[in-house]
Structure formats: C-alpha cells, structure tokens
Amino acid sequence: INGEWYMMGCEKSDPKLLRTADDLQELLRHIGCLPLFAGGIAGFSVEERTSASSWWSGDSQSDPWEWRIALAGHPEVAYGKFFDKRAGFIHRDFFPIFANYRRNGYDFDALSDEGLVPHRAKRIMDVFELNDEAIGNEIMSNALKEKAGFGKGGQKNFEGILSELQMQTYLIVTDFRQRINKKGEPFGWHIAAMGTPETKWGYDFVSSRYSEEPGDSWKKIVARIQRFFPHADERQMQKTLGIKYPGA
C-alpha cells in the first residue's frame, strides 16, 4: 500500500490463529487447500490466519515461512504454486479432485502425444525420466534448470514454465534441502526439490477421479471452499485459483 509491504495477519488472541505447522496441517485436512498468501477471498490464506510478527523470524516452530519446509515433505500435503501461480498447499485427500480439474483429462504423456506440450515444458519434464505411470526422479530445482537447458545462454523463462507445470498439477515441491559442501556439510538457502505427485502418492491414487468430468470436479472445489468461506463467490474462486487448461 503506497509502496509499503503489509501482512494481512490476525491478532494473537484470535481463536483461528495458526501457531504451528501441525495446526496448519490439521486445517488443511478440513479445508482441502489453502494459499500461502492473501488473495481475492477474505480469510482464505495462511497469511490471514497467522500473526504478522511471526513471519521470517527463522523459528521453525512459529514462522509460517518455515512451515512450508516442514510440510512440503509431509506425507499428507502437497506444496507448490497452485493458486494463480502463487504458492500454497493441497491436502492429499483433496488432491485427486484438484488434479482432475486442473489437467482437464490429460496425463502429461497424453498431452505430449496430442502435440499440446510447449517444447520448453517438455524439456523440463523429460529430465524426470518418468515411467508410464508418471513416476520418476526427484530433482533439485537448480539442477533441473541446468539439465533442462535453461542455464546461462540457454532456454528462457524457467520459473514461469515451472509454475505452469505446478498449476496443472504435473509437478509439486516434494522437499526443501540445503546444498552440501565438499566437507559434507549443509550450507546456504533451502532449495526446492521437485517431483510428480504420482511419485509421492502413486498413479492410481492421483488419477482416482479421472472418471469424473473436470467440470464436476470444479463444482466440488467450489462447494468445499464455500463450506468454510460462504462469502466467496465462484468468480472470486476462479480468480484466486487461476488456471489455463492444458491443451486450451
């Protein structure tokens, strides 16, 4: 606002305040999904359910920025850029509904066979060496950039294409790790490790809603969010979730 950064936090006395990563994981189990930062639906974010003063403190227990490190590798949570290319969380039980809507009936290999994959997106996905069930390697994002040919003097817009693949649920952040020096010691910032949700949970689980029409999955997403945020209308949800269908 007027060049100043403000956090849309809540008071520490608010009963809806999230105090730990476990609190967030439990909330996700009920709501199904939640963006990290505030967007077009009031209250629908981690930011709006935490104290503004707790962010970027470096305390792994109370800092919501650190929670993403704890939850990215959690067996019940997917983390990635799922909300109009902004970061957030989806609970495991809700993910197949999300994936069916977002993928619009296409596995990545089917999308590729139809000639609907931009060549730079295919370069990224090829690095994972996926099998027929989209299960493959887990790769650090910095290594992925180099191996896919987006290094210095190479292909452009790595972050944008990586975000699009997360939006379409073909990739998720599976973990955050520090690099290791020659002495075997960790150093520097935590870097995202990328992989497919099928590698994390199995193809049969991720594709378990493929029998539904993508439009029906969208209706379930709308109904789930409105159960907890009844003031949200469908247009707000479309803006907050934001998606360009694969193949569109």
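Visitor: Hi! How many salt bridges does the structure hold?

Guide: There are 10 salt bridges, each one being a side-chain nitrogen of Lys or Arg within 4 Å of a carboxyl oxygen of Asp or Glu. This is a predicted model, where local features need pLDDT of at least 70 and side-chain atom pairs count only at pLDDT 80 or more, while totals for chains, interfaces and linings use all residues. Residues are numbered from 1 along each chain as its sequence is written, and side-chain values use heavy atoms, with hydrogens and water left out.

Visitor: Okay, which residue forms a salt bridge with E198?

Guide: R103 does, and the closest N and O atoms are 2.7 Å apart. This pair ties together distant parts of the chain: E198 sits in helix α8 (residues 197-201) and R103 in helix α3 (residues 95-103), 95 residues apart. Helices here are DSSP runs of H or I with at least four residues, strands are E runs of at least two, and both are numbered from the N terminus.

Visitor: Are E198 and R103 buried or exposed?

Guide: Both E198 and R103 are buried. Buried means under 20% relative accessible area, exposed means over 50%, and partly exposed is in between, using a 1.4 Å probe and protein chains only.

Visitor: And how many residues of α3 are buried?

Guide: Nine of its nine, so α3 counts as mostly covered. The buried residues of α3 include F95, F98, Y101 and R103. The helix is followed by N104, which has a positive phi near 55°.

Visitor: What is the relative accessible area of D126?

Guide: D126 has 44%, so it is partly exposed. K122 is partly exposed as well, with 32%.

Visitor: Which residue does E212 pair with in a salt bridge?

Guide: That would be R209, with the closest N and O atoms 2.7 Å apart. E212 counts as buried because its relative accessibility is 16%, whereas R209, at 27%, counts as partly exposed. Elsewhere, salt bridges that share partners join R103, D107 and E198 into one network.

Visitor: Let's switch to rings. How many aromatic pairs does a search of the whole structure find?

Guide: The search finds 18. One of them is W55 with W56, where the ring centres are 5.2 Å apart and the planes are at 50°, so the pair is tilted. For the cut-offs, rings of Phe, Tyr and Trp (its six-membered ring) pair if their centres lie within 6.5 Å, and planes under 30 degrees apart count as stacked, over 60 as edge-to-face and the rest as tilted.

Visitor: Is W55 buried or exposed?

Guide: W55 is buried, at 6% relative accessibility, and W56 is partly exposed, at 43%. The rings of F94 and F98 give an edge-to-face pair, because their planes are at 65°, with centres 6.0 Å apart. F94 is buried at 2% relative accessibility, and F98 is buried at 1%. F94 and F98 also belong to one aromatic cluster with F44, F83 and F229.

Visitor: Which ring does the charged end of R68 sit over?

Guide: The ring of F176, at 4.6 Å from its centre. R92 lies over the face of F205, 3.9 Å from the ring centre. The test is NZ of Lys or CZ of Arg within 6 Å of the ring centre and within 35 degrees of the ring normal.

Visitor: New topic: what does E138 touch?

Guide: Leaving out residues up to four places away in sequence, E138 touches T174, D175, R177, A193 and M194, where contact means heavy atoms within 4.5 Å. E138 lies in the loop between α5 and β4 (139-140), and it is partly exposed, with a relative accessible area of 39%.
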